[in-house]
Amino acid sequence: HPALTENDLKTLEELELPVRLDYYRDLFLIGCYSGQRYSDYSVFEKADVVGDFIIKRAEKTETYSRIPLHDKLKALLDKYDWTLKKISSQKFNKAIQEICKRAGFNEEFKKTVYYGSSKKVKVYPRYELVASHTARRTFITISSEKGMPDHIIMAITGIKDPKTLKKYKKINAESVFNYASTVWS
């Protein structure tokens with residue numbers, strides 16, 4: 001599954017949406033801005049705020065995360081008075097795919113699927129591969145590309161093992177081109 005780019009996030013932030021999809025977009029962006037799993041950021045509370053951080057224990061791993069409460073994240077949480085409605089991940093994923101389709105994320109994306117010893121390459125429009133977990137992957141990928149050290153990303157996300165972190169980092173073509181152009185131009 002791909003991570004979104006900074007340009008993708010800007011597109012989502014500015015996208016005019018019907019009211020029924022606006023909340024899903026905001027929820028997804030909260031995930032992108034916090035680096036948490038949906039099960040953890042959907043239960044953020046003002047009581048979790050200590051100074052400039054949200055201190056949260058992950059449901060899945062019982063690991064504490066120190067999530068910087070930066071302006072974009074705070075604005076969205078304040079918009080909903082820190083009370084986010086619980087939504088099934090199936091419903092959330094369907095909505096975020098519709099939003100990404102409206103945003104024009106239709107580039108073809110190849111995905112290799114293994115069935116026992118045979119492999120099959122399927123082609124999907126990119127929006128079909130976006131799901132709630134894409135938000136966490138996006139936070140990790142963009143943070144890494146912008147030079148945030150791994151130990152800081154791990155403190156924010158609650159990831160303990162560098163091998164796990166590595167699996168989340170995706171390389172986006174735009175970044176590869178920009179780095180290569182900077183080096184070789």
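Mentor: The axes of helix 2 (residues 19-34) and helix 6 (residues 132-145) come within 7 Å and cross at roughly 30°. That makes helix 2 roughly parallel to helix 6, since angles under 35 degrees count as roughly parallel, over 145 as roughly antiparallel, 65 to 115 as roughly perpendicular and the rest as oblique. Axes here are lines fitted to C-alpha atoms, for helices over the stretch in contact, with angles from 0 to 180 degrees between N-to-C directions. Helices are DSSP runs of H or I with at least four residues, strands are runs of E with at least two, and both are numbered from the N terminus.

The model is predicted: local features need pLDDT of at least 70, side-chain atom pairs count only at pLDDT 80 or more, and totals for chains, interfaces and linings use all residues. Residues are numbered from 1 along each chain as its sequence is written, and side-chain values use heavy atoms, leaving out hydrogens and water.

The crossing of helix 2 with helix 6 is right-handed, meaning that the near helix is turned clockwise from the far one by less than a right angle. On the helix 2 side, Phe28, Gly31, Cys32, Tyr33 and Ser34 meet Ser132, Thr134, Ala135, Arg136, Thr138 and Phe139 of helix 6; contact means heavy atoms within 4.5 Å. The residues of this contact divide into five nonpolar, five polar and one charged. Ala, Val, Leu, Ile, Met, Phe, Trp, Tyr, Cys and Pro count as nonpolar, Asp, Glu, Lys and Arg as charged, and the others, Gly among them, as polar.
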